[in-house]
Amino acid sequence: MSAAPEQLDLASPPIVKTISNRSLIVGVVFGIAAVALALTRTDEFYRGYLLGFMCWLGVALGSMAILMIRHLTGGGWGMVIRRILGAAMRTLPLLAVLFVPIIVAVLQHRMYPWLMPLNAIQDEHIRVHLEKHNFIKAAYLNAGGFIVRAIIYFGIWNVLSFLLSMWSRQTDKPGAPDNTQRFKAVAGPGLILYGFTITFAVIDWIMSLDPSWISTIFGLIILIGEVLSAMCFAVVVERILSSYKPMSEMLKPDFVHDHGKWMLTFIMVWAYFSFSQWLIIWAGNLPAEITFYLRRINNGWGTIAVALALFHFVIPFAILLSRPLKRDIRKLVWLAVWLMIMRFVDLFWIIEPNFSNSFHVTIADLVVPVAIGGFWLAYFFRNLAGLPLLPAYDPSAGEVLEEHPDHVPGIPGNA
């Protein structure tokens, strides 16, 4: 692709709009089923909703984080998927709207035990803890504070998304300004803000499901899971697009290789954080903290824990050691899909045991996440179709546009 930027057709292929329309249909169909569950199995609906919401929020926030990392470090690996990451990031306004049912659950005093009267809390350990630390419940664990903090989180995330998107759009036109320093000025503090906000968000939205338990590394475990989800999602989308121009001409084996290396890095860090949390809590032998794992290794939940260790880390780690696999998008995509499934299982293992002593899967745990995903994907692909697949007038675009002796093997359009 050695032609001048203005001579290139960098628009998304028609398949993008097709997938958007089909995703919307899936969202509507499963959304109707989700509404039926909300009316008939309200508690199960809210639990499934929290699970699904955190899954898709993770892809959006993880995409924003990877985008900011790319602005700080540079590299063609990030430029070729920059518009994919940006389209996912720009779903944050939709996710802010989709958070409303969780607010409704809080206002109805559902799901979170700190909202309920003490005599209505079935878990004795949580009830005793809230009685002992009533001042924390009054000062922090209250519906008003929960809602205000959520508004702050989404406000910060959407401001970061707005700035990054605004400056990115400017690079689609001739004579575009060099926004490299602007991107860096936002990306550095933005990553710090992301780290802090997601930590407090998961304390509010997930950890407070069991207010008697605390872990200072829990936010980082969720954070690294989000960036892993986002990179896997980007690999899936680039595989779809690689069968069509212009992605078929932009995607090079070196870039695919880099994406595979990022996936390997993220699963290693996820395993390190997860094992560190377990080791510190178990070695400390503190009953208040060990309860988190006692719930998740007994009564059938231990099978899920072992599956996560094997299929979220050990096997993907071994597979990603293969250099040829990391350079072949047709093979790497299957591992990316698998890891996204394991991210769902991981969140399920974290959230669901707060409600079920024994291993239990409800229909809402499957239907509601698919409903949210249908609407989210429809909006994502709409965003992706709205801009060229490459900001051609960005100073770094040459890393993707320049002629390259290698092409992704077996992909149409790679002559």
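Predicted model: local features only at pLDDT ≥ 70, side-chain atom pairs only at ≥ 80, totals over all residues.
Residues are numbered from 1 along each chain as its sequence is written, and side-chain values use heavy atoms, with hydrogens and water left out.

**The core**

W205 counts as buried, at 0% relative accessibility. Buried means under 20% relative accessible area, exposed over 50%, and partly exposed in between (1.4 Å probe, protein chains only). The largest nonpolar core has 136 residues. Such a core is a set of buried Ala, Val, Leu, Ile, Met, Phe, Trp, Tyr and Cys residues joined through side-chain atoms within 4.5 Å. F53, Y112, W157 and W205 have the most contacts inside it. Helix α2 (residues 42-73) gives this core its largest share, 18 residues. Helices (H or I, at least four residues) and strands (E, at least two) are DSSP runs, numbered from the N terminus.

**Aromatic pairs**

The whole structure holds 36 aromatic pairs. Rings of Phe, Tyr and Trp (its six-membered ring) pair if their centres lie within 6.5 Å; planes under 30 degrees apart count as stacked, over 60 as edge-to-face and the rest as tilted. Two of the pairs are tabulated here.

| Pair | Centre distance | Plane angle | Class |
|---|---|---|---|
| F154 and W205 | 5.9 Å | 20° | stacked |
| F292 and Y293 | 5.0 Å | 85° | edge-to-face |

The F154 and W205 pair links distant parts of the chain. F154 lies in helix α9 (residues 143-169), W205 in helix α10 (residues 180-205), 51 residues apart. F154 is buried, at 6% relative accessibility. F292 and Y293 are both buried too. One aromatic cluster takes in F53, F99, Y112, W114, F146, Y153, F154, W157 and W205.

**The surface patch**

Which residues form a nonpolar patch on the surface? They are V306, L310, F311, V314, I315, I319, V337, W338 and I341, with about 680 Å² of accessible area together. Areas come from the Shrake-Rupley method with a 1.4 Å probe; for residues, only the protein chains shown count as cover. Helices α15 (301-320) and α17 (329-351) each supply at least two patch residues. α15 gives the most, six. W338 sits in helix α17. W338 is partly exposed, with a relative accessible area of 37%.

Key. Patch = residues over 30% accessible without salt bridge, like charges linked within 9 Å, V, L, I, M, F, W, Y side chains within 5 Å. Salt bridge = Lys/Arg side-chain N within 4 Å of Asp/Glu carboxyl O.
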